[in-house]
Amino acid sequence: MHVVIGVLVAIIAGGWGYVMWSMTGSSTGAGSQVVTFTVEGPTQAEITFDVSKPTERAAVCRIRALDVNHAEVGSKEVKIPAGEGIKRLTERVSTSVQATSVHIQYCNLV
């Protein structure tokens, strides 16, 4: 019985690890790193972030603004053209209420 439970726990942990790994952008070939964000009032937030990708490929990143309850209050997709491997961007996101955090949900190659 303990062996069966151990195998099930290992399978669940491995699946969860794969899901978390795939959300980081490592599997998509494009990575992102938030440098800073600021909340500019109840209707706008700003984020500065770095994107690393193959030089010859374009990418699209989705920015999310969250409120105090971790509900999404704004989002924006940003297209990064081919030509630079590492690029620093600053983007503004419109929000429906005041955000408390802003992050990059994903960056995918296109």
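Accessible areas here come from the Shrake-Rupley method with a 1.4 Å probe, and for residues only the protein chains shown count as cover. On that basis the accessible surface of the chain comes to about 6700 Å², of which 60% belongs to carbon and sulfur atoms. The model is predicted, so that local features need pLDDT of at least 70 and side-chain atom pairs count only at pLDDT 80 or more, while totals for chains, interfaces and linings use all residues. Residues are numbered from 1 along each chain as its sequence is written, and side-chain values use heavy atoms, with hydrogens and water left out.

The chain holds 1 helix and 6 strands, where helices (H or I, at least four residues) and strands (E, at least two) are DSSP runs numbered from the N terminus. From the N terminus on, the order of these elements is α-β-β-β-β-β-β. The chain is more spread out than a compact globule, because its radius of gyration, taken over C-alpha atoms, is 17 Å, well over the 13 Å that the globule rule (2.2 Å times the number of residues to the power 0.38) gives for 110 residues.

| Strand | Residues |
|---|---|
| E1 | residues 31-39 |
| E2 | residues 44-52 |

E1 and E2 run antiparallel and are joined by 8 bridges; two strands pair if DSSP finds at least two bridges between them. Valine 34 has phenylalanine 49 in E2 as its bridge partner. The two strands form a hairpin with 4 residues between them, and glycine 41 in the turn has a positive phi of about 110°.
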